[in-house]
Amino acid sequence: MVKSIFALALALTLVVASLTSFASGSAVGVTVISKQCGDAQMSLNCPAAGHGTANCLHPALYFKSKNGQQNRLGNPKGLEKQQPIGLAYTASKNDKSHYFYVLYGSLPTGCDVCEWHHLYDANGKLLTSSFPATVDVPNAPPAQSIAPNNQSFDDLSKKLNLDEYKADSIVCTGPHVDAKGNLLCPVSAFESP
């Protein structure tokens, strides 16, 4: 009976360990870009593709709180088909409050009118909006008659008087299409999780 209890305990330990490993590893993917803001961290994660690469066609934005809890953040309303592609840390010159800057766009190649700028506070709360995603540009030539809606970001950035910052962005390397015609965004240089 003691052997049965020991075997059951060992089996349960192995199951729990493998589930914990699965939840923290493959579900989150590999961290490609991360920024620290005080005790909090925001990161762009992509599925591992093997051989030291990640497929960043659909990166995910994660926020890790000061207590270590990590959550995947959804895209802002109107940008559901876009991806978080850049990340920076900045502060307000007015009161020294800290913020995460996130750039949303299209991968693998991007486009002229698909870059949206957003701010998150140090608790991972989205502070800006891009709904609707695009706005009309009056009196512009047809090819330039729409623009990404960054008005909320522009207004808040001016109000906060943000420090200068430079976003680190995902850059696709190598072929952007596989042998079956599927889009790819291979990234070979990434941070360890």
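Trainee: Which residue lies over the face of Phe131, and at what distance from the ring centre?

Mentor: Let's take the general idea, then the case. A charge sits over a ring if NZ of Lys or CZ of Arg is within 6 Å of the ring centre and within 35 degrees of the ring normal. Here Lys77 is the residue over the face of Phe131, 4.2 Å from the ring centre.

Trainee: Before I go on, what kind of model is this?

Mentor: This is a predicted model, where local features need pLDDT of at least 70 and side-chain atom pairs count only at pLDDT 80 or more, while totals for chains, interfaces and linings use all residues. Residues are numbered from 1 along each chain as its sequence is written, and side-chain values use heavy atoms, with hydrogens and water left out.

Trainee: How many aromatic pairs does the structure hold?

Mentor: Rings of Phe, Tyr and Trp (its six-membered ring) pair if their centres lie within 6.5 Å; planes under 30 degrees apart are stacked, over 60 edge-to-face, and the rest tilted. The structure holds three such pairs. One of them is Phe63 with Phe100, edge-to-face, at 6.3 Å centre to centre with 80° between the planes.

Trainee: Where in the chain do Phe63 and Phe100 lie?

Mentor: Strands here are DSSP runs (E, at least two residues), as are helices (H or I, at least four), numbered from the N terminus. Phe63 is in strand S5 (residues 60-64) and Phe100 in strand S8 (residues 98-105), so to speak distant parts of the chain, 37 residues apart.

Trainee: Why is the pair of Tyr101 and Tyr165 called tilted?

Mentor: Their ring centres are 4.8 Å apart and their planes are at 40°, so the pair counts as tilted. Tyr101 lies in strand S8, and Tyr165 in the loop between helix H2 (151-160) and strand S12 (168-169), so the pair ties together parts 64 residues apart in sequence. Tyr101 is buried at 5% relative accessible area, whereas Tyr165 is partly exposed at 29%. Together with Phe153, Tyr101 and Tyr165 form one aromatic cluster.

Trainee: On to the cysteines: how many disulfides does the count come to?

Mentor: A disulfide is a pair of cysteine sulfur atoms within 2.5 Å, and by that rule there are three. Cys46 pairs with Cys56, sulfur atoms 2.1 Å apart. The torsion about their S-S bond is about 115°, so that disulfide is right-handed. Cys46 is buried at 1%, and Cys56 is buried at 0%.

Trainee: Which disulfide is left-handed, and why?

Mentor: That's Cys172 with Cys185: the torsion about the S-S bond is about -95°, so the disulfide is left-handed. Their sulfur atoms are 2.0 Å apart. Cys172 is buried at 13%, and Cys185 is buried at 0%.

Trainee: What does Cys111 join to?

Mentor: A disulfide joins Cys111 to Cys114, S to S 1.9 Å. Cys111 is partly exposed at 40% relative accessibility, but Cys114 is buried at 4%.

Trainee: What is the pairing if I number the bonded cysteines in sequence order?

Mentor: Numbered that way, the pairing reads 1-2, 3-4, 5-6.

Definitions and conventions
Buried < 20%, exposed > 50% of the residue type's maximum accessible area, 1.4 Å probe, protein only.
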